[in-house]
Amino acid sequence: MKRKIKTLDKEKRLMARIAATFDLKKVKNAFSRYLGSFSLWLITGEVCEREKIKPELCKTAKSGAPKERACLDGIEGVVKKAGRSKKIESFECPFRRHGFCYPLVYDGEAFGYIVACQMRNRPDKETLELFSYLIETGVRGIRKELELEELYETIKPRAVALSTVHTVHRLITSSLYLDELLSRIARLSMQIIRANRCSIKLIDSKKKTLLPKATVDLRTEKTKLKKVKIGRWAPGKAVKYGKSIRGDKYLATPLIDEDIIGVITLYDKIESQPFNHSDVEIMRTLAEQAAIAIKNAQLYKEQEKLTMGSIKALAQIIESKGTGIYVPKSSFLRIVQLIGQEFKMREHELKTLQYATLLHDAGELMVPEKVLKKKGKLTNEEYRLIKEHPLKGAKIIKSLKSLKSIAPIIMYHHECYDGTGYPKGLKGSDIPLGARILAVVGAFEAMITKRPYRVPLSIGRAIEEIRKNSGKQFDAKVVEAFLKVAGRKDIVSLIRKELYGAR
Amino acid sequence: MALGKLLKNKLCRDIARFFHENQSSIDTPRGIAMWVKEERPAVKKALDKLVAAGMLLDHRVSSTTGYSYTRDKKLIREVGKQLKNKN
């Protein structure tokens with residue numbers, strides 16, 4: 001039954017296309033050379049509907065009801081005959097005129113007819129064969145066209161889905177920062193499944209609980225981050241049994257790499273649609289890719305921790321060999337990070353800036369200790385040595401391949417926005433943004449910590465000095481961001497705690 | 001630019017139609033250029049205009065940008081209406 005309906009639908013589409021694109025007027029003109037003047041029309045349907053063909057009849061047939069009936073009987077007869085034989089059939093009408101009927105056949109069934117009549121002479125066999133050949137070729141072309149369209153319509157959604165999977169793969173494997181990655185996976189999952197909320201939970205080290213790591217809810221900015229025990233609720237069950245758990249309003253998909261590392265749970269599809277089998281399949285594919293990306297990001301995070309540990313150790317060596325002055329690293333690292341965020345720096349740029357903050361005075365290792373610790377005024381030669389430390393620092397750092405990207409920040413962190421700094425006298429935006437940020441934070445650090453040659457300023461005075469030099473020594477935009485950050489209570493208390501050991 | 005004005009442009013309209021018909025799709029400018037049968041640079045420009053108008057969302061990474069359809073029901077209805085009118 002279904003097949004019959006499908007076939008009928010195809011026949012209808014084919015007939016509609018033939019009616020819309022087949023130019024019978026042109027066919028008629030071409031054949032009038034062989035057949036003289038005649039009339040040609042299309043019957044769109046399996047049977048001949050009398051009412052529909054009445055307008056096509058000749059004057060003689062229209063001149064009275066009996067004649068009309070006789071004519072219609074004749075046409076109906078030849079249509080039936082052609083429908084049975086599935087080939088062109090010629091006829092002679094009651095008014096001594098001639099014609100023929102060509103059946104349009106699909107899947108062994110006639111679904112329409114082309115009728116020609118009002119010819120003075122009987123059409124010869126060759127002409128009928130030529131007509132059949134022409135119409136058959138045309139119909140075949142239209143059928144092919146429709147089949148291709150149908151094929152395209154069937155393939156396109158799959159191709160679009162495949163392209164989406166490929167794009168998602170590219171987007172999630174491009175990020176090595178876990179927080180950024182998890183939030184991205186959540187957003188992409190919601191986009192593909194058209195859900196309103198997504199939560200990603202990862203298994204804790206004891207493998208008993210799922211810890212919430214990223215939650216995105218389109219309907220509210222406030223999201224609750226809940227721990228879930230493995231085995232409880234849909235996310236816990238998905239992890240326990242290692243398979244998707246689906247309800248009308250939720251879909252939990254385990255993140256499986258070599259073992260289960262967590263779960264992605266989607267809630268509430270838009271338009272209140274229930275989650276379906278196709279959603280399960282799509283999420284399974286996405287979760288496979290996500291699990292690999294998460295594992296890579298976790299490994300990268302471990303590596304980052306190692307790098308940071310090495311850099312901190314190196315910074316301590318620099319500190320002990322240089323001025324020997326304690327620097328409150330945590331607060332400056334935090335300030336630098338917050339300023340970077342104000343400038344919408346990406347995760348890797350923030351990391352680079354933090355490394356540069358810790359190592360910005362690496363070049364002081366090359367400056368004699370007596371010069372660095374000298375209490376009185378520096379001689380010109382000693383000042384020249386001090387001025388060389390950014391270049392020397394950059395040179396040391398450049399030799400470490402993984403830290404190469406921080407070299408420009410170290411090299412230019414003593415440049416002034418108005419071009420009066422050193423070592424190159426760069427101006428404005430020619431100075432890398434990281435170096436402009438470090439210039440402000442470095443100056444702030446120098447002012448509030450003890451130096452051999454002067455007493456430290458209070459935090460308030462140091463901030464005031466920075467503000468005074470905005471647009472001259474420092475980039476005004478960086479100063480603006482600095483003031484915003486340095487004015488935060490948590491930052492002031494962190495600096496105080498590190499500097500004076502009190503809040 | 002207002003959405004109505006933007007959808008007067010054929011390329012923007014074709015892209016809008018693609019996303020309206022494939023609302024779960026996320027694709028790169030190269031992929032979308034293939035669906036709408038246009039050159040990639042022109043498609044990229046049109047995509048950025050549609051992002052600015054709020055009709056598309058962009059997911060940027062260093063190597064490429066993925067574009068997806070808005071989740072705003074009202075906007076989706078509006079796009080549907082505009083596309084119907086422009087047919």
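## Confidence

The predictor gives the complex an ipTM of 0.93, together with a pTM of 0.66. For chain B the average pLDDT is 92, and 97% of its residues score at least 70. Where pLDDT is low, the predicted coordinates should not be read in detail.

## Chain B

Chain B is built from five helices and three strands. Read from the N terminus on, its elements follow the order α-α-β-α-α-β-β-α.

Chain B has 87 residues, of which 31% count as buried. Contacts in chain B between residues at least 6 apart in sequence can be sorted by their separation: 53% of them join residues at least 24 apart.

## The contact between the chains

The contact takes 16 residues from chain B and 16 residues from chain A. On the side of chain B that touches chain A, strand S1 (26-27) and strand S3 (65-69) of chain B each supply at least two residues. By residue type, this side of chain B divides into two nonpolar, twelve polar and two charged residues.

## The six-stranded sheet of chain A

Strands of a sheet pair through backbone hydrogen bonds, either parallel or antiparallel. One open sheet of chain A has six strands, in the order S7-S6-S5-S10-S9-S8, and its pairing is antiparallel. Its edges are strand S7 (228-229) and strand S8 (245-246) of chain A, each of which pairs on one side only.

A:Thr209 stands opposite A:Lys229, a residue of S7(A). Helix H8 (residues 233-241) of chain A packs on this sheet, where it touches strand S5 (195-203), S6, S7, S8, strand S9 (250-256) and strand S10 (260-269) of chain A. The direction of H8 makes about 35° with that of S9(A).

## The four-stranded sheet of chain A

Another open sheet of chain A consists of four strands in the order S1-S4-S3-S2, with antiparallel pairing. The edge strands here are strand S1 (39-43) and S2 of chain A, and each pairs on one side only. From one strand to the next, the twist averages 20°.

S2(A) and S3(A) run antiparallel and are joined by four bridges. Across this pair, A:Glu89 has A:Cys101 in S3(A) as its bridge partner. Helix H6 (residues 125-173) of chain A lies across S2, S3 and strand S4 (109-119) of chain A, and runs at about 30° to S3(A).

## A helix pair in chain A

H16(A) and helix H17 (residues 459-468) of chain A pack at an angle of about 145°, and their axes are 9 Å apart. The crossing of H16(A) and H17(A) is right-handed.

On the H16(A) side, the residues that meet H17(A) are A:Val440, A:Ala443, A:Phe444, A:Met447 and A:Ile448. Their counterparts in H17(A) are A:Ile459, A:Ala462, A:Glu465 and A:Ile466. The residues of this contact divide into eight nonpolar, no polar and one charged.

## Backbone details

Most residues other than glycine have a negative phi, and most peptide bonds are trans. A cis peptide bond joins A:Tyr422 and A:Pro423, with omega at about 10°. A:Pro423 sits in the loop between helix H15 (407-411) and helix H16 (433-448) of chain A.

Which residues have a positive phi although they are not glycine? In chain A, A:Arg96 has a positive phi of about 65°. A:Arg96 lies in the loop between strand S2 (89-92) and strand S3 (98-106) of chain A. Because A:Arg96 has 8 other C-beta atoms within 10 Å, A:Arg96 is exposed. In chain B, B:Lys37 has a positive phi of about 55°. The loop between helix H3 (29-36) and helix H4 (40-52) of chain B holds B:Lys37. B:Lys37 is exposed because 8 other C-beta atoms lie within 10 Å, and a residue counts as exposed at 12 or fewer.

Technical notes
Residues are numbered from 1 along each chain as its sequence is written. Chains are lettered from A and ligands numbered from 1 in the order in which they are written. This is a predicted model: local features need pLDDT of at least 70, side-chain atom pairs count only at pLDDT 80 or more; totals for chains, interfaces and linings use all residues. pLDDT is the predictor's confidence in each residue, from 0 to 100. A residue is buried if 20 or more other C-beta atoms lie within 10 Å of its own, exposed if 12 or fewer, and partly exposed in between; C-beta atoms are placed from the backbone. Two residues are in contact if their C-beta atoms, placed from the backbone, lie within 7 Å. Ala, Val, Leu, Ile, Met, Phe, Trp, Tyr, Cys and Pro count as nonpolar, Asp, Glu, Lys and Arg as charged, and the others, Gly among them, as polar. Two strands pair if DSSP finds at least two bridges between them. Axes are lines fitted to C-alpha atoms, for helices over the stretch in contact, and angles run from 0 to 180 degrees between N-to-C directions. A crossing is left-handed if the near helix is turned anticlockwise from the far one by less than a right angle, and right-handed if clockwise.
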